Amino acid sequence: MKHELFEFLNTDLQFIKGVGPVLASRFDEVLGGRRVLDFLLHRPAYIRARGVTECVTDATPGDVVTIPLLVMSHRAGGVFRGHRRPTQIVCNDRMGNTVMVQFFNVNFLDYWLQKLPVGQWRMISGKLERGGRPTINHPDFIEEMQHADKIPSIQAIYPSGEGLTQKTFANVRDQIFTALPERLRDSDTDICEFFDALRHVHYPESNDDLMANSPYMVKLAYWELLAHQMAIVISRRSRADARNRRVVRPKKYELLSRFYDALPFELTGAQSRTVNEIFTDLGRDIPMMRLVQGDVGSGKTIVALAAAIKMAESGAQTALLAPTDTLAQQHYAKIKPMCDKIGIVCDVLTGRDKGVCRREKLVSLRSGRTKIVVGTHALFSDDVEYKDLGLVIIDEQHRFGVSQREALRAKGNNPDILALSATPIPRTLSMTIYGDMDVSIINEKPAGRLPIKTTKLSITRLDELLARLRPQVDAGAQVFWVCPLVMESDASDMTAAHARYDQLCKIFPNTGLVHGQMDKKQRDAIMARFAAPDSDMHILVATTVIEVGIDVPHATIIVIENAERFGLAALHQLRGRVGRGNMQSYCILLYGRGIGEDGLRRLDVLTETDDGFAIAEQDLIMRGTGELLGTRQSGWINYHFVDYARHRDLFKLAASAARDMSSPSQTVRDLMFIFNRGVGISA
């Protein structure tokens with residue numbers, strides 16, 4: 001990677017003109033990072049055509065139109081007799097038809113007076129609504145006639161978040177791609193071809209350019225898979241390298257017998273088999289790299305704890321990495337009492353730990369006193385030191401790539417790696433996705449767990465469902481109610497969490513709400529309240545933020561709205577939020593009026609089986625472009641350009657190409673830097 005390009009890709013987005021630190025932090029939430037590189041890997045979801053029309057009667061309500069309008073008058077907004085009125089700009093089109101332009105932020109009247117002066121023509125672009133009269137609410141573009149060409153005829157629409165407009169995305173994109181050619185001046189042809197394909201995806205001419213089978217998407221998908229497979233090859237070669245062999249740690253303490261004596265149940269056959277496979281690995285001079293795949297509720301945590309206790313018998317430490325603060329705290333709450341009985345120190349470390357509290361925890365880790373630490377990415381922060389990190393356990397493996405594993409692994413002297421995943425991977429893909437790991441499968445559930453009764457139900461029977469829930473809630477049942485959207489949208493007929501929450505609160509006063517746009521501390525507090533054994537919250541309305549990382553054994557009912565819009569893997573994960581105790585649990589799949597044949601097939605699969613591996617195979621067969629609304633893969637690795645169903649042949653091609661390389665070429669090194677986001681393995 002050329003130094004100048006390297007520096008540019010690592011540039012913080014706050015230094016892009018028009019962004020600044022506030023918008024950069026909002027980009028961070030959406031992109032999973034706040035650098036130019038993070039933006040480039042965030043592709044548009046679709047394009048929006050902006051048809052130019054001279055007359056409003058030629059347009060259809062709901063269309064996005066670009067139309068010249070003559071400003072006739074202004075009507076100031078404000079609060080009148082208790083009702084909030086918008087600022088209204090009365091306009092005429094070329095044929096004299098009245099068009100109302102409305103703004104609901106009434107504090108900016110002076111701005112709109114200046115932007116839309118009476119008696120002047122303006123080119124205005126936005127979504128046309130038609131109530132009593134044609135209306136455009138909050139236009140996307142307002143330009144003077146001589147600058148009408150600034151309004152794009154085709155607009156790439158990016159997956160966004162609160163406080164980020166499509167204009168902001170377009171501004172950042174334009175500045176990045178204007179600056180790229182100079183940085184690529186001395187780069188090799190192949191990496192220039194990569195950025196050319198990336199440009200076509202960020203500037204699509206039609207929705208076909210964003211489809212998985214477009215030539216640009218196929219190229220990017222192959223390069224992404226090649227970078228990932230090369231990282232896998234390097235990791236596996238590194239493990240086998242004689243220089244990385246280690247002395248097997250001798251046993252110093254007798255702890256496992258105490259652990260088994262303290263367990264209130266017997267391990268299942270699958271758990272025992274997996275524990276034995278792990279212990280065999282720990283006894284070898286090659287560091288372990290093992291993935292434990294187990295369906296939701298199969299008991300992976302106990303298996304992981306057994307491995308940590310085994311490591312503590314040699315005096316070494318274990319770090320358990322969880323993807324969220326909530327899941328880290330839940331693991332800690334489960335593991336700590338067991339560690340207390342055995343007599344070893346267990347602690348939790350997340351980004352929330354500050355000041356004296358954090359320093360005390362770091363000292364305990366550095367001294368070796370803490371034998372098991374549970375936490376988030378904070379576990380591989382620069383100031384975290386371990387005396388002897390022997391084992392790294394990574395929960396929800398699909399949330400962490402090879403590079404993240406390596407960053408934590410670097411904290412010790414070739415520690416063993418044990419990864420856990422509750423998302424079953426079809427066997428046809430497991431070797432190419434987790435090719436650097438040995439795989440154990442836990443395919444039994446603990447004794448006493450009852451199968452979740454799953455039914456599908458039309459949204460037209462919502463009132464009937466609410467009536468049936470009433471006695472259940474009165475008897476103390478806890479209910480998850482999952483909605484696909486946070487807020488209502490004119491572009492979608494799907495149910496929004498806020499709207500359903502408002503409705504349910506009128507029927508069930510003790511109802512909570514969580515979603516991804518909330519403040520993280522507030523969201524975690526509500527989840528913790530719902531999960532408390534003596535919780536007074538009966539219903540939790542949520543988006544898919546609860547798909548992973550919340551364990552409520554007392555919750556026995558989950559309702560999933562617009563279930564036909566979710567992928568099978570996502571539905572199976574959501575269903576796994578209940579059935580975690582010994583009580584009978586239920587999953588109700590509410591489907592919309594416009595459900596199609598594919599949607600019904602997915603729901604039928606869920607009602608017929610709770611075998612995660614069978615569901616994963618069906619998911620791969622049926623999958624179009626992935627998860628909710630076809631925008632992302634559910635479970636599995638969060639690739640940027642790869643579609644599991646449509647790029648299956650590319651997996652094998654990339655894996656074969658990576659294995660055949662004695663060492664990665666400069667292009668592959670550059671691609672590894674890009675797709676590993678500049679951390680961990682870069683060859």
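The model is predicted, so local features need pLDDT of at least 70 and side-chain atom pairs count only at pLDDT 80 or more, while totals for chains, interfaces and linings use all residues. Residues are numbered from 1 along each chain as its sequence is written, and side-chain values use heavy atoms, with hydrogens and water left out.

**The whole chain**

- You'll find 22 helices and 24 strands in the protein chain; both are DSSP runs numbered from the N terminus, with helices being H or I of at least four residues and strands being E of at least two.
- The protein chain has 683 residues, and 54% of them count as buried (under 20% relative accessible area, with exposed being over 50% and partly exposed in between, using a 1.4 Å probe and protein chains only).
- Take the contacts (heavy atoms within 4.5 Å) between residues at least 6 apart in sequence: 72% of them join residues at least 24 apart.
- The accessible surface of the protein chain is about 29800 Å², and 50% of that belongs to carbon and sulfur atoms; accessible areas come from the Shrake-Rupley method with a 1.4 Å probe, and for residues only the protein chains shown count as cover.

**Salt bridges**

- Side chains of opposite charge can pair when their charged atoms come close.
- The count here is 24 salt bridges (a side-chain nitrogen of Lys or Arg within 4 Å of a carboxyl oxygen of Asp or Glu).
- One of them joins Arg 34 and Asp 12, whose closest N and O atoms are 2.9 Å apart. Arg 34 sits in the loop between helix 2 (20-31) and helix 3 (36-40), and Asp 12 in the loop between helix 1 (3-9) and helix 2, so this pair ties together parts that are 22 residues apart in sequence. Arg 34 is partly exposed at 22% relative accessible area, whereas Asp 12 counts as buried at 19%.
- Lys 219 and Glu 193 make another salt bridge, at 3.1 Å from N to O. Lys 219 belongs to helix 7 (residues 215-240) and Glu 193 to helix 6 (residues 189-202), so the pair links parts 26 residues apart in sequence. Lys 219 is partly exposed, at 34%, and Glu 193 is partly exposed too, at 32%.
- Glu 277 pairs with Arg 290, with 3.7 Å between the closest N and O atoms. Since Glu 277 is in helix 9 (residues 269-282) and Arg 290 in strand 12 (residues 289-294), the pair ties together parts 13 residues apart in sequence. Salt bridges that share partners join Glu 277, Asp 281, Arg 284 and Arg 290 into one network.

**A buried threonine**

- Thr 350 lies in the loop between strand 14 (345-349) and helix 12 (355-367), and counts as buried at 1% relative accessibility.
- Leaving out residues up to four places away in sequence, Thr 350 touches several residues, including Asp 325, Gln 329, Arg 358 and Thr 376.

**Helix 15**

- After helix 15 comes Gly 476, with a positive phi near 105°.
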